[in-house]
Amino acid sequence: MSRTVKNYLDGEWVESGASDAFAVHDPATGELLANCPDSTREDVDAAVKSAKAAFDEWRSTPVLVRAQYMHHFKVMVEDNFEKVSQIVVREHGKTMDEARGEVRRGVESIDFAMSVPVLMRSDGLEDISSGIDETTVRQPAGVFAAITPFNFPFMVPLWFLPTAITCGNTFILKPSPQTPLATEYLFEMLDELDLPEGVVNLVNGGAPSATALMEHPDVTGVSFVGSSPVAKIIYETCTRNGKRVQAQGGAKNYIAVMPDADIEASVKNILGAAYGCAGQRCLAAAVAVGVGDAYDQLKDELAKQVAALKVGYGLDETTQMGTVISDAAVNRIESMIGQSEGEGAEVVVDGRDFQVDGYENGSWVGPTLIADVQRNTVMATEEVFGPVLSLMQADDFEDAVDIINQSRYGNAASIFTSNGKHAREFKYSVNAGNIGVNIGVAAPSASFPFGGQKDSFFGDLHGQGMDSIEFYTERKIVIERWV
Ligand code: NAD
């Protein structure tokens, strides 16, 4: 009998009242790690009640004291760095180095939250009229919730929780039911921090608990990260219920490779960008667009290197690529490869029916390379979220930009070039929120907002950076005259 993960509210671990649960497997071994309850509306009510009750005291706790908690929290995560990374590997299937990278990025978001005492400051002006002073203050806005995806189970919650609470809000996290264990450990550390009860709360579950949070009258706003169809539902449900919302969605990220690029360096970067985390990154390179002669060079070089990637269990430090999240994901990805083949593309390296010795129950898809992908076909338009890189050919720079801008997604796009004019034109004209120049994964650091345009983002204020301070605070304008 495996254990069932608990919720955390009012400073206590409590059992959900749910009758249904999701099985959480190690996707490499198939071992059942735990069950994740599909929490009910009553569970959500209890968490919101806890967060609401904690708000008044927490908002009046000096911001420097709130930031001090983040200093302690950071030390705790650093002390448990390897343990957290291992938990991420076991429930997600990525490699240890990828998990360490994720935890490092999470720590950077805690670092950012330590700056809240500076970032929350506002402005003012004396004698805006004779004897009248006018100032702006930022105040915490209430109870915030975050609904997060499976692919970065530790990092994505940290994009939101530290800044939200250091701004003086109280918080409820609903992580992905596919990967609840890294967040369980996150909350074990938060529990040890001795924050006032109710400041942070955890509700495990799927869509019903997410919906209950969005419909709850005492929730002020929702941060979401996940697929685009769900991001759209989240945006619509939150706005219908009068809540502020930031909903980061899925992606189809293109990399243009110009004939003047250093092909060897580009291929090295593209390999990491396409196959890192087995392609389960919203910033994963999905399509490499070879411009002119670069196409054939890219195809030859990638074909050699992709087939040589070492696929295996993430806890084995020599592994270069791990599993995908589940057998359902394997089926989805393999069927998309089949569809692409049916559309006339060439499967140069085929990762279907992939096996790793000793891990027969794992959810494996081998690294896959598909060439001759045409516009408007499945590999040019749909997010695969697996280790599949497509190759498209463009006649020239303008053709490459046109291919990229046809996408309904706009999360990230990169160019590899040694020509400053092309780099400048690319930054200027490509409709994507995160642009890389000679960088495969254009991931903004915590003090910059995480870009995203078109179907990759629904909302106004993005996650991270100054946008997050705006999102998690309410501005009040004070106009004073003392006679
Ligand atoms: P998902 O959309 O299936 O689930 C995300 C979250 O939404 C989970 O917590 C899930 O329980 C919840 N959810 C699912 N259906 C819901 C519904 N109908 N109503 C309310 N809540 C619902 O995404 P996933 O498979 O966990 O994650 C992968 C996706 O996330 C990919 O599309 C990836 O590109 C995207 N992603 C985006 C970013 C970004 O910053 N833009 C970052 C990471 C991942």
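**Close-up 1. The largest nonpolar core of the predicted model comprises 69 residues.** Within this core, V257, Y275, L302, M379 and F426 have the most contacts. A nonpolar core is a set of buried Ala, Val, Leu, Ile, Met, Phe, Trp, Tyr and Cys residues joined through side-chain atoms within 4.5 Å; buried denotes under 20% relative accessible area, exposed over 50%, and partly exposed in between, with a 1.4 Å probe and protein chains only. Helix α10 (residues 263-275) supplies the largest share of this core, 7 residues. Helices (H or I, at least four residues) and strands (E, at least two) are DSSP runs, numbered from the N terminus. Another core, of 66 residues, lies apart from the largest one and includes V84, L193, L202 and F450.

The model is predicted, and local features need pLDDT of at least 70, side-chain atom pairs count only at pLDDT 80 or more, and totals for chains, interfaces and linings use all residues. Residues are numbered from 1 along each chain as its sequence is written, and side-chain values use heavy atoms, with hydrogens and water left out.

**Close-up 2. Surroundings of L302.** When neighbours within four places in sequence are left aside, L302 is in contact (heavy atoms within 4.5 Å) with V267, I270, L271, L369, L389 and L391.

**Close-up 3. An open sheet is formed by 3 strands in the order β5-β6-β22, with antiparallel pairing.** Two strands pair if DSSP finds at least two bridges between them. Strand β6 (residues 132-140) is joined to β22 by 9 bridges, and E134 stands opposite I479 in β22.

**Close-up 4. T237 in helix α9 (residues 228-240).** T237 counts as buried because its relative accessibility is 7%. Its side chain reaches the backbone oxygen of I233 at 2.7 Å. Residues up to four places away in sequence not being counted, T237 touches M214 and E215.

Close-up 5. In the side chain of S227, an N or O atom is 2.6 Å from an oxygen atom of the ligand. A polar side-chain atom of K174 is 2.9 Å from a ligand oxygen atom, and a polar backbone atom of F150 is 3.1 Å from an oxygen atom of the ligand.

Technical notes
Polar contact = N/O pair within 3.5 Å; in protein donor to acceptor, adjacent residues only side chain to side chain.
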